[in-house]
Amino acid sequence: YFLVNKIVSIVDHPFWFPLSKKLSGNFSIYDCMDYHPGFGDDSTYLVELEEMAMTQSDLLVLTSSDLYERFSSKNKNSILVRNGCEFQFFNKKPENIYKSKYEKVVGYYGAISSWFDTEMVISLAKYFPNYEFLLVGSTYGCEKLNELEKIKNVTLVGEVEYSRLTEYLYSFNVAIMPFKINELTIATNPVKVYEYLSSGVSVVSTKLPEIEFMGDVVYSAISFDEFVSQINIAL
């Protein structure tokens with residue numbers, strides 16, 4: 001047998017932190033990627049766990065400026081490290097690519113939940129009837145889902161395996177990230193934007209602090225008119 005006496009554990013969710021603390025010889029890193037209270041459904045217990053993870057970890061990694069400003073004072077060993085992605089995977093065009101019957105594809109993948117601006121997408125789909133709005137991801141918690149499903153040029157694919165994401169991504173003429181502006185999204189450094197960009201597709205996103213950081217490569221918008229304009233420019 002062999003003895004492991006030096007461990008580095010990277011905890012991505014506070015649920016796992018108590019376990020990491022029980023490991024002998026462990027150097028614990030809490031990778032804080034989201035503002036958890038912003039999800040709206042977090043229990044008091046989870047908030048307490050995150051407080052423990054932030055204050056008791058050997059290193060606190062915060063992935064956005066907002067998170068760093070909020071929480072870096074909780075741990076003397078705090079650093080700002082923004083997200084990234086598996087570039088080699090998203091940069092490679094797959095053999096199988098989704099085929100659309102529409103003139104253009106405006107695409108999104110990821111969670112389609114309470115922070116997703118469904119009203120914006122409905123309005124955009126109605127404005128661009130010749131474009132397919134291809135939405136890939138779980139719709140759990142999606143507001144106005146019934147109305148979204150009725151739009152003829154909106155396709156809801158549902159969740160797909162990570163290995164198949166590029167089959168849809170490479171069909172996009174424009175990739176969008178239409179998020180509402182709230183405490184959750186303001187704190188987000190969105191992984192999907194790095195993935196989108198790795199494929200070379202143009203990206204239009206809600207104007208959020210971390211998107212402004214990417215302002216030289218991402219088109220940003222707040223209002224419906226700005227989204228329309230930026231999609232047209234991106235195309």
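Q: What should I know before reading the numbers?
A: The model is predicted, so local features need pLDDT of at least 70 and side-chain atom pairs count only at pLDDT 80 or more, while totals for chains, interfaces and linings use all residues. Residues are numbered from 1 along each chain as its sequence is written, and side-chain values use heavy atoms, with hydrogens and water left out.

Q: At what angle do H5 and H11 cross?
A: The axes of helix H5 (residues 118-127) and helix H11 (residues 224-234) cross at roughly 50 degrees and come within 10 Å; axes are lines fitted to C-alpha atoms over the stretch in contact, with angles from 0 to 180 degrees between N-to-C directions. Helices are DSSP runs (H or I, at least four residues) numbered from the N terminus.

Q: Which residues make that contact?
A: Met120, Ser123, Leu124 and Tyr127 come from H5, and Phe224, Phe227, Val228 and Ile231 from H11, where contact means heavy atoms within 4.5 Å.

Q: And by class?
A: Seven are nonpolar, one is polar and none is charged; Ala, Val, Leu, Ile, Met, Phe, Trp, Tyr, Cys and Pro count as nonpolar, Asp, Glu, Lys and Arg as charged, and the others, Gly among them, as polar.

Q: Switching to pockets, what classes line the largest one?
A: The lining of the largest pocket has 10 nonpolar, five polar and three charged residues.

Key:
Helices (H or I, at least four residues) and strands (E, at least two) are DSSP runs, numbered from the N terminus.
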